[in-house]
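Colleague: I would like to go through this structure with you. Could you bring it up on the screen?

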Amino acid sequence: MSRPRFAPLAVALVVGVVALAGCGDSSGDSKDAKADTGPLASVKVEGTDPAKEPTVTLGTKPLKLTGETKRVITEGKGTAAGKTDLLSIKAQIINGTDGKVATSTWKEQQNLGIDLTDKNMLPIFTSQLPGAKPGARLLIAAPTSAVYGPQGNESLKLKAEDPILFVVDVVKVASPLKEAEGADVAPKSGLPTAKTTLGKPAVITIPKTAAPTTLVNQALITGKGDKVVSGQTLRVAYTGALWRDGKVFDSSPGYPTPIGVGAVVPGWDKAIVGHTVGSRVLLVVPPADGYGKEGQGDIKGTDTMVFVVDILGAV
């Protein structure tokens, strides 16, 4: 059984996402950037409005790169991102051969959530973004082959031998919880019950009654964090079991996924949006809000799924 997400988050890295104000002064070169003598020293990044796409000019064409490299354009302020944190960013991808923009998140109307523990994330992001602070603007570069493999990226018209540059504005850094935290909520009678242990699948007990025919969305703990909104990237801990026999078909102690955008089963999108970070939620998902009449893997088209989900973080 695959996990609830339908599409890997890596796909989102090459579709646009957008502007959010408050990235600080991101115009031109910082003092550190001016002192840089590396391969990115001749690259000029201009733009004072963080809500508008920066302009990048190559000093030499093509840019000469042998591996990953980074230059800090603007330092940012606040707590730096750790290796297991969540970030909200804007990004621009540039072909370092001719300086043309391949794609840009400034052209879309949402921010891009990055989970630095996500194995589907581009490695250049997970290696270069730790240490970045909110408000930072970074210039990151590598050969395309080191980012997308020997096939390059046809959709972005990037050949394997092309140098590739990313301009990244860090909008927000969030450190996820380890488990749900907040006020306990007494669930309604007749619903499944759950016992949780940190880092282990929840033990879910199914009542010996017929499964509900509509989506059940029951808070077990109400967190004190911000409300989850559609389009965010979450980190969740979850366990999924089948109503018919109580068998656990999937679980994760820390799983990254977009929410509210069709990346997970419809029941998740409908139910999790609106809960607060730190919450624990019991979901009973009928086939219509799950995998439909076709089912998936060991899950039949008639199966009702039961999930216990901890919302650990959101960006």
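Colleague: Is Lys157 buried or exposed?

Modeller: Lys157 counts as exposed, because its relative accessibility is 73% and the cut-off for exposed is over 50%. Please bear in mind that this is a predicted model.

Colleague: Where is the place of Lys157?

Modeller: Lys157 lies in the loop that runs between α3 (144-148) and β8 (163-174).

Colleague: And what is the phi of Lys157?

Modeller: The phi of Lys157 is positive, at about 60 degrees, although this residue is not a glycine.

Colleague: Changing topic: which residues does the cis peptide bond join?

Modeller: The cis peptide bond joins Lys61 and Pro62, with omega at about -5 degrees. Pro62 is placed in the loop between β2 (55-57) and β3 (69-74).

Colleague: Now the sheet. What is the order of the six strands?

Modeller: The order is β9-β12-β15-β16-β13-β14; the sheet is open and its pairing is antiparallel.

Colleague: Which are the edge strands?

Modeller: They are β9 (182-184) and β14 (248-258), each of which pairs on one side only. From one strand to the next, the twist averages 25 degrees.

Colleague: How many bridges join strand β15 to strand β16?

Modeller: Six bridges join β15 (residues 280-285) to β16 (residues 305-314), and the two strands run antiparallel. In general, strands of a sheet pair through backbone hydrogen bonds.

Colleague: Which residue in β16 stands opposite Leu282?

Modeller: Val308 in β16 stands opposite Leu282.

How values were computed:
Residues are numbered from 1 along each chain as its sequence is written. This is a predicted model: local features need pLDDT of at least 70, side-chain atom pairs count only at pLDDT 80 or more; totals for chains, interfaces and linings use all residues. Side-chain values use heavy atoms; hydrogens and water are left out. Two strands pair if DSSP finds at least two bridges between them. Helices (H or I, at least four residues) and strands (E, at least two) are DSSP runs, numbered from the N terminus. Axes are lines fitted to C-alpha atoms, for helices over the stretch in contact, and angles run from 0 to 180 degrees between N-to-C directions. Buried means under 20% relative accessible area, exposed over 50%, partly exposed in between (1.4 Å probe, protein chains only).
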